[in-house]
Amino acid sequence: MKKLKLTLALILVLLPSMLLAGNYKSFKVAIYVRYYEVAKMADSEYLESTWNSISSQMKVDRVYLETHRDTLIVPQKTLDKVKKFFKDRGVEICGGITYTLMEWNNFETYCYSNPEYRKKAQEVIEYTARNFDRIILDDFFFTDCKCDLCIEAKGDMSWTEFRLKQMNEAGRNLIVGPAHKVNPKCEVIIKYPNWYDDFQGLGFNLEDGPKIFDGVWSGTETRDPAGAQHLQNYESYNIINYFQRISNGRNGGGWVDAGGINMSADRYAEQLWLTMFAKAPEIALFEWSSLATNTIKPEWKAPWQGTGTSFDWDEMMVPFKKDVTPTTLAGIAGYTLEKTDKVVSQLGNPLGIKSYKCYHTQGDDFLQNYLGMIGLPMDMVSEFPTDQKVVLLTEQAKSDPDLVKKIDAQLRRGGDVVITSGLLEAIPDKIAQFAELTIDGKALVNDFGRYGKSDKDILINQIGYYTNDTWEIVSAGNPLTGGTSGWPILHRGKYSKGNIYVLTVPDDYSDLYHFPEGALNQIRTVLGRDLKARLEGPAKVSLFVYDNDKVIVESFLDEPVSVKVVVGDRKIPVLLKPHSYELIDIK
């Protein structure tokens, strides 16, 4: 009897954690609920009906209940009711804050020079910290204000210098400090959005912010790549690893919205699985109302459906519970995350080509995402790697005052360095220490000689060099074969025990997608020396490499494609359906 009582007591103690252990093997799934929907949840009918819609189609581990947006605050009475509702259903509850004055007015943020708004910002975080042990700040903890107060406070500083300094101070003194004082158990997490290369201009400080806040999250919503932000599909994966690096392993998850659903359900699903391929411990779906009420539309079914793709529309639409057929966006999310969990559970830690990126440095913006789309696994790091056979340096490395010393050391120990034409153009005098190269103008090219031809003219920088001091590995002209002249696409110079390469990046980065297979394969061979596997095939196919001898190959093309995964002397053929992936064991 005593044993039975102890067992029952143990079950009672463990029951809450058992209920909250998670619905998936590899990650947690959360939903972000904006102020507007939380406020509407004062209506029991709305709360019940939307929860029933979502929970019948997908599993939910956690909700983030937003207390403030656009200077509106959820009343405590409503918050208490909603918190109890989710607790009673075994769903973890956390808080959320969006520091906007009027989001619809070009994302108008708080002014942190204005005493009134500073006071309001602190009151909002204190109110939220009294209600939750975890709070996430959605996207907008930056400043776009240029009012008279800000102009005066800025003084002789640049806007970037002023805003970085101001938001550091606001983060410490108005947000994190007050939250911890009100609730010492409270974690304050900053969610960084997807436009990371422009952050410094509005005060998002990737160097100091991860040290100020208790954790970070990554915006993995790449939506339509042709949109104003030029977000390439690969960024949904790449940004997770980058923020994981700069936060010392405290990147809590990825964040996806339905902004690309107009392109097809496949585009939405793809963002979900790319986020999880980066081994994010959690994914947050933005936002409650779209998951509950955004009805599945026939036009979301892509033309390539029915060919056995990774996201299978017909399979998704089959009732997965008795009398439950997917009817809203939640059904697409639920189906995708179930399938993704089975793949992610088999993956080790992601590996990639180390690309050194200095903080607060512009140039070659978002280039690594384009490189990821041509089959180069990327791993952006904030310190110059000293343990790699190859280091990639884009223009984002130019602000390191010790860059020449670091390149010299890498080459002297027998490693290679690949620089972009953008870095060469930015600091030619420093690069001249290793190879005397020049930018001599522009050229339109379409013929890569023995490596093949592009399907369009591509505008590139003309790189000049001393004959027989450095050598062209891949060249292009217009035409090159039987033509008049060509220009380096991949160029090599010897230095000490290593090689310095220049990769010529087109003026329009997306023209990389038009490089012929042969040229891409040669570029992958040079850059991929640190990885067990590399890709052979066309652009718009990505390779994801893991430390447990697993790789994923994913196609972003609208038609089937044949590629090869090269592992030592082996070449593993892979046939990929449109917008689909394959998991491969390369042992």
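Begin by selecting the open sheet of four strands, whose order is S12-S23-S24-S27 with antiparallel pairing (strands are DSSP runs of E, at least two residues, and helices runs of H or I, at least four, numbered from the N terminus; two strands pair if DSSP finds at least two bridges between them). Its edge strands, S12 (350–351) and S27 (581–585), each pair on one side only. This is a predicted model, in which local features need pLDDT of at least 70 and side-chain atom pairs count only at pLDDT 80 or more, while totals for chains, interfaces and linings use all residues. Residues are numbered from 1 along each chain as its sequence is written, and side-chain values use heavy atoms, without hydrogens and water.

Next, display S24 (residues 550–555), which is joined to S27 by five bridges. Within this pair, isoleucine 552 has leucine 583 of S27 as its bridge partner.

Now move to threonine 128 in helix H5 (residues 115–131). Threonine 128 counts as buried because its relative accessibility is 0% (buried means under 20% relative accessible area, with a 1.4 Å probe and protein chains only). Beyond neighbours within four places in sequence, threonine 128 contacts Thr67, Gly95, Ile97 and Ile135.

Finally, select phenylalanine 384, in the loop between strands S14 (378–381) and S15 (390–393). At 10% relative accessibility, phenylalanine 384 is buried. Not counting residues up to four places away in sequence, its contacts include Tyr356, Leu403 and Arg413.

Key:
Buried means under 20% relative accessible area, exposed over 50%, partly exposed in between (1.4 Å probe, protein chains only). Contact means heavy atoms within 4.5 Å.
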